[in-house]
Amino acid sequence: MEFHAQLILLYLSPVFFAFIAVEWYVIAKQRCYSQSASYSWTDTVSNGILAGFHEIGDAAAAIFVVVIYDTLFEFRLFDIPSTVLTFSLLFVLQDFLYYWFHRASHNIRWMWCSHVVHHSSETLNFSTAMRQSLTYPISGMWVFWLPLVIIGFQPKMVVAIVLVNLAVQFFIHTQVVRKLGWLEVFFNTPSHHRVHHAKNPEYLEHNFGGTLIIWDKIFGTFVPERDDVECVYGIPRQIDTHNPLTLTFHEWRDMFRDTFGPKKSLRNRIRHVFGHPEWQPASDDDTRVEAADGRDS
Ligand SMILES: [Zn+2]
Ligand SMILES: [Zn+2]
């Protein structure tokens with residue numbers, strides 16, 4: 001049987017389901033875990049359907065992304081052989097780019113429209129890892145890996161490493177594992193990623209790393225999990241539904257409603273799309289505010 005790199009997540013799905021089953025059993029048996037760790041059928045089934053949506057989105061995007069990657073690969077800077085060393089280098093470089101993709105996803109609303117799906121549950125367990133968006137290709141996730149292709153890594157290897165990184169991240173979505181000793185220094189762990197999913201003011205918008213946590217430590221976005229601040233999961237504008245379609249499109253709907261609403265200046269319309277997801281103009285009628293500003297000056 002031929003190995004298809006783009007199907008890595010599907011090949012690994014039995015492993016993911018086994019971990020979900022074990023965690024579900026452990027949490028149901030031992031009643032020491034918080035409500036936010038426990039499995040409900042509605043949340044879990046919704047996460048599973050969203051995983052299916054994500055696969056469909058990736059399969060559809062592959063049609064044009066492969067063409068773009070293959071075309072750019074013709075203009076590559078270096079001929080890089082496939083060795084353990086170059087594969088390791090690719091892993092680190094892709095994880096570095098993943099940090100910036102992820103940080104941008106929390107700071108640019110166009111990208112948040114997709115990434116919000118992963119964060120909108122008030123529960124955090126292994127099934128949350130499967131909660132992904134159909135619309136990542138529209139938000140431009142694939143753009144972040146272009147430098148790897150231009151450097152000279154084979155497009156197939158790039159796609160494979162992106163998916164391996166996502167697969168590894170499955171295992172950090174749990175409340176059953178507390179701390180992992182020295183691994184916490186270099187790697188993204190369940191503890192670090194709980195902080196990332198929390199909406200407490202102390203934790204919000206930190207720990208963007210994929211597999212490695214060193215990028216957050218270098219670029220000043222690292223916050224450790226504290227014993228005295230229990231993580232509260234979800235998003236600032238919490239959405240209360242398990243409908244996969246609503247979960248996929250609610251932030252797109254809100255963004256377009258804000259962008260094309262009445263009485264907005266062009267600058268603020270653009271800011272609704274590319275500004276921070278929670279940014280709102282100071283006034284309902286910002287054309288009037290701008291006119292007043294113009295008269296003052
Ligand atoms: Zn995130
Ligand atoms: Zn996550």
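Guide: A nonpolar core is a set of buried Ala, Val, Leu, Ile, Met, Phe, Trp, Tyr and Cys residues joined through C-beta atoms within 7 Å. A residue is buried if 20 or more other C-beta atoms lie within 10 Å of its own, exposed if 12 or fewer, and partly exposed in between, with C-beta atoms placed from the backbone. Please keep in mind that this is a predicted model, in which local features need pLDDT of at least 70 and side-chain atom pairs count only at pLDDT 80 or more, while totals for chains, interfaces and linings use all residues. Residues are numbered from 1 along each chain as its sequence is written, and chains are lettered from A and ligands numbered from 1 in the order in which they are written.

Visitor: Which residues have the most contacts inside the largest nonpolar core?

Guide: In soluble globular proteins, nonpolar side chains tend to be buried together. Here the largest core has 19 residues, and those with the most contacts inside it are Trp-145, Leu-148, Val-149, Phe-153, Val-158 and Val-162. Two or more residues come from each of α2 (41-73), α3 (84-107), α6 (146-151) and α7 (155-170), where helices are DSSP runs of H or I with at least four residues, numbered from the N terminus. Leaving aside residues up to four places away in sequence, Phe-153 touches Ile-80, Leu-90, Leu-148 and Val-158, contact being taken as C-beta atoms, placed from the backbone, within 7 Å.

Visitor: How should I read the span of a helix, and where does α1 bend?

Guide: The expected span is 1.5 Å times one less than the number of residues. Helix α1 (residues 8-29) has 22 residues and reaches 32 Å from its first C-alpha to its last, close to the 32 Å expected, and α1 bends by about 40° at Pro-14, the bend being the angle between axes fitted to the seven residues ending there and the seven starting there. Helix α3, with 24 residues, reaches 35 Å, close to the 34 Å expected, and its buried residues, Leu-90 and Tyr-98 among them, pack against α4, α6, α7 and α10.

Visitor: How many of the residues of α4 are buried?

Guide: Ten of its eleven residues are buried, so that α4 is mostly covered, and these buried residues pack against α2, α3, α5 (136-139), α9, α11 (244-259) and α12.

Visitor: Into which domains is the chain divided?

Guide: Domain bounds come from an automatic or database domain assignment, which here gives domain 1 (5-241) and domain 2 (260-296). Their C-alpha centres lie 33 Å apart, and the contact takes six residues from domain 1 and seven residues from domain 2. On the side of domain 1 that touches domain 2, helix α4 (residues 109-119) gives the most, with three residues.

Visitor: What is the phi of Glu-205, and what is that of Asn-207?

Guide: Most residues other than glycine have a negative phi. Phi of Glu-205 is near 60° and phi of Asn-207 is near 55°, both positive values in residues other than glycine. Glu-205 is partly exposed because 16 other C-beta atoms lie within 10 Å, whereas Asn-207 is buried because it has 26.

Technical notes
Two residues are in contact if their C-beta atoms, placed from the backbone, lie within 7 Å.
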